[in-house]
Amino acid sequence: MPCYKSFLLLSLLCCLSLAVPIRSEALKATPLKVAATIFPLYDMLRQVAGPEVEVVLLVPPGASPHTFAIKPGTIRALTGCQAVFAVGHGLDDWVIRLAREAGVKRLILTDKGISLRRAGSESHDSRHHVAHATPHAGVDPHYWLSVPNALLMVEHIAASLGQLKPADQALYQRRAGAYQDELRAADAAIRALLADLPRREIATFHMAFGYFAEAYGLHVVAVFEPAPGQEPAPRHVEAFQRSIQTSNLRTVFIEPQLSEAPLRSLSRDLGITLQILDPNGGSEALPTYIAMMQFNARQIAAALRP
């Protein structure tokens, strides 16, 4: 009997000694899961995180974070996430409640080190009678629409991922450095494309492209919607029309995520064409942040050249 008990004890110890490394390996293999509210953040995250990290996109391509309708699947997608990366400043504040309901403990804003513009701020020639505003008190949240800002965002994303998974910190930093090289090349190409335009004034559907204009020496002189999804009042429409005529513009840039229906009849009356600028991307035609930014630059260059 003592021999039998000794055998059982030895077998139990062997099982325990084998179970510890197996459990340790299982924990080590558990992937990091994070979420991003909008596609540009999602693409930056996946470029830095690589295949080892599961990255979830909350606002699907084709939808706008301004008018996004939350669905039950949105909360389910957040389950198991250790962090949510967001823009903040009123654009995607809806994610705060969702993250709390899903048990996500960290909300990471990606604006660290970025010089934020005042909402509706834009330098205009005194001839232009511009009436525009945004629904975000004090701050324009569209800071990702500038490649120099994207460089800072990627740096912050890499540091944040490193805090979430310190063992892979060096890997995230290497990937961020390689991606930043791609961003710098894209920035140089955009600057070259927009360098010699005969004019630099543009009109947009809502005030999303202030950072883009600031980065590349353009001027937003007219904005149709005072807030995304909010039909403008007659006074605002009149001011928009005066700005278009005073600036002698022939193009207004709309966005694929927002309905341009209120602008169609006015565009016919003014003899202007409607062309697309995409602030969010993620479609088959614009599968990356860089592709989206280059597309927007090409659209502006084509519209402003004779």
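This is a predicted model: local features need pLDDT of at least 70, side-chain atom pairs count only at pLDDT 80 or more; totals for chains, interfaces and linings use all residues.
Four strands, all paired in parallel, make up an open sheet whose order is S2-S1-S3-S4. Strands S2 (53–57) and S4 lie at the edges, each pairing on one side only. From one strand to the next, the twist averages 25°. Strand S1 (residues 32–36) and strand S3 (residues 83–86) run parallel and are joined by three bridges. In this pairing, Ala35 stands opposite Val84 in S3. Helix H5 (residues 147–164) packs on the sheet and touches S1, S3 and S4. The direction of helix H5 makes about 160° with that of S4.

**Surface residues**

Leu107 belongs to strand S4 (residues 106–109). Together with Ile96 and Leu109, Leu107 forms a nonpolar surface patch with about 220 Å² of accessible area in total. Gly80 is located in the loop between helix H3 (72–78) and S3. The C-alpha atom of Gly80 is separated by 8.2 Å from that of Val34, although the two residues are 46 residues apart along the chain.

The table gives the accessibility of two of these residues.

| Residue | Relative accessible area | Class |
|---|---|---|
| Leu107 | 39% | partly exposed |
| Gly80 | 54% | exposed |

Gly80 is classed as exposed because its relative accessible area of 54% is over the 50% cut-off.

Note on methods: Residues are numbered from 1 along each chain as its sequence is written. Side-chain values use heavy atoms; hydrogens and water are left out. Patches are made of residues with over 30% relative accessible area and no salt bridge: like charges are joined within 9 Å, nonpolar side chains (Val, Leu, Ile, Met, Phe, Trp, Tyr) within 5 Å. Accessible areas come from the Shrake-Rupley method with a 1.4 Å probe; for residues, only the protein chains shown count as cover. A salt bridge is a side-chain nitrogen of Lys or Arg within 4 Å of a carboxyl oxygen of Asp or Glu. Helices (H or I, at least four residues) and strands (E, at least two) are DSSP runs, numbered from the N terminus. Buried means under 20% relative accessible area, exposed over 50%, partly exposed in between (1.4 Å probe, protein chains only). Two strands pair if DSSP finds at least two bridges between them. Axes are lines fitted to C-alpha atoms, for helices over the stretch in contact, and angles run from 0 to 180 degrees between N-to-C directions. Contact means heavy atoms within 4.5 Å.
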